[in-house]
Amino acid sequence: MKIATWNVNSLKVRLPQVLAWLDEQQADILALQELKLEHDKFPIEAFADLGFQAAWLGQKTYNGVAIISKKPLANVQCNMPNFADPQSRFIAATIDDIRVICVYCVNGERLESDKFQYKQQWFNALSGCLKQELAQYQNVVLLGDFNIAPDDIDVAEAEKHAGKILCSNEERQWFQNLLALGFTDAVRFLAKDEKIYSWWDYRMNAFRRNLGMRIDHILLTPNLMQKTMKYQIDKTARAAERPSDHAPVWVEIQ
DNA sequence: ATGGCTTCATAGTGAAGA
């Protein structure tokens with residue numbers, strides 16, 4: 001079973017690419033972030049035509065998350081139950097015996113910003129919410145755009161970004177707190193010490209120069225990690241015409 | 001360079017992303 005995550009930076013703009021990618025990759029589950037769509041504008045029929053079902057949480061202009069699946073989605077949870085969030089950043093659904101949790105974590109802008117306080121509160125709430133999920137489900141996949149590069153190896157220019165947004169010790173501790181609940185960072189586990197990235201800035205030819213960061217992650221509980229041997233960060237999608245600034249990331253669970 | 005691009009928005013010394 002192939003399960004993927006992709007920050008598409010506007011589903012309206014990226015829909016043809018997403019449909020083509022789903023068809024070509026034969027992914028079973030795809031978690032999307034940054035739909036940038038009003039809830040009622042979600043293109044459910046386009047996915048249905050390809051044989052997929054979906055659960056989504058839209059928002060005008062910003063944010064928005066979805067889970068696309070070949071199999072039915074049950075117990076859909078929109079937003080964290082313990083955090084009244086005006087922004088659409090969390091959706092969870094049960095597919096077979098797997099709890100799939102798709103997140104678009106807060107960016108934070110700068111450590112001195114009010115948005116950074118929101119980021120901290122958001123990750124706090126996520127930890128609390130995950131404790132509840134882990135108490136109910138043995139097999140959990142937590143995936144999405146975390147807006148945290150967990151270590152210096154995940155950053156092309158680590159010195160330049162040291163202590164800054166996405167790379168600060170504080171944010172990295174929040175990421176470690178998630179892992180400590182009982183998750184493994186699947187891509188890092190499989191990639192060992194490779195320098196690999198999932199996001200490249202649109203500016204300064206960052207993709208061509210491979211100046212990226214690994215901020216999109218797939219976290220697995222132990223039973224699932226045990227059955228996972230293969231991953232990919234699909235740079236061909238990032239190299240396309242009018243791409244998202246994020247590449248799709250997937251793992252294959254036996 | 002608190003910039004450099006891209007998206008969605010509105011007519012803002014734009015806002016937000018990462």
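Housekeeping. Residues are numbered from 1 along each chain as its sequence is written, and chains are lettered from A and ligands numbered from 1 in the order in which they are written. In this predicted model, local features need pLDDT of at least 70, side-chain atom pairs count only at pLDDT 80 or more, and totals for chains, interfaces and linings use all residues.

DNA strand B. It is surrounded by 22 residues. A residue is near the strand if its C-beta atom, placed from the backbone, lies within 6 Å of it. The closest are Ser10, Thr61, Asn107, Tyr202 and Arg203. By class, this surface has 7 nonpolar, 6 polar and 9 charged residues. Here Ala, Val, Leu, Ile, Met, Phe, Trp, Tyr, Cys and Pro count as nonpolar, Asp, Glu, Lys and Arg as charged, and the others, Gly among them, as polar.

Now helix 5, residues 169-180. Helices are DSSP runs of H or I, at least four residues, and strands are runs of E, at least two, numbered from the N terminus. Which residues of helix 5 are buried? Glu171, Trp174, Phe175 and Leu178. Buried means 20 or more other C-beta atoms within 10 Å of the residue's own; exposed means 12 or fewer; partly exposed is in between; C-beta atoms are placed from the backbone. The face turned away from the buried side carries exposed Asn169, Gln173 and Ala180. After helix 5 comes glycine 182, with a positive phi near 130 degrees.

Glutamine 121 sits in helix 3. With 13 C-beta neighbours inside 10 Å, glutamine 121 counts as partly exposed.

An open sheet of 6 strands runs in the order 5-6-7-8-12-9, with mixed pairing. Two strands pair if DSSP finds at least two bridges between them. Strand 5 (74-78) and strand 9 (184-185) are at the edges with a single partner strand each, so one side of each has no neighbour in the sheet. Strand 8 (140-145) and strand 12 run antiparallel, joined by 5 bridges. Valine 141 has leucine 220 as its bridge partner in strand 12.

Last, strand 4, residues 65-69: 5 of its 5 residues are buried. Val65, Ile67 and Ser69 point one way, Ala66 and Ile68 the other. Strand 2 (29-33) pairs with strand 4 antiparallel over 5 bridges. Strand 3 (53-57) also pairs with strand 4 antiparallel over 5 bridges.

Conventions. Expected span 1.5 Å × (residues − 1).
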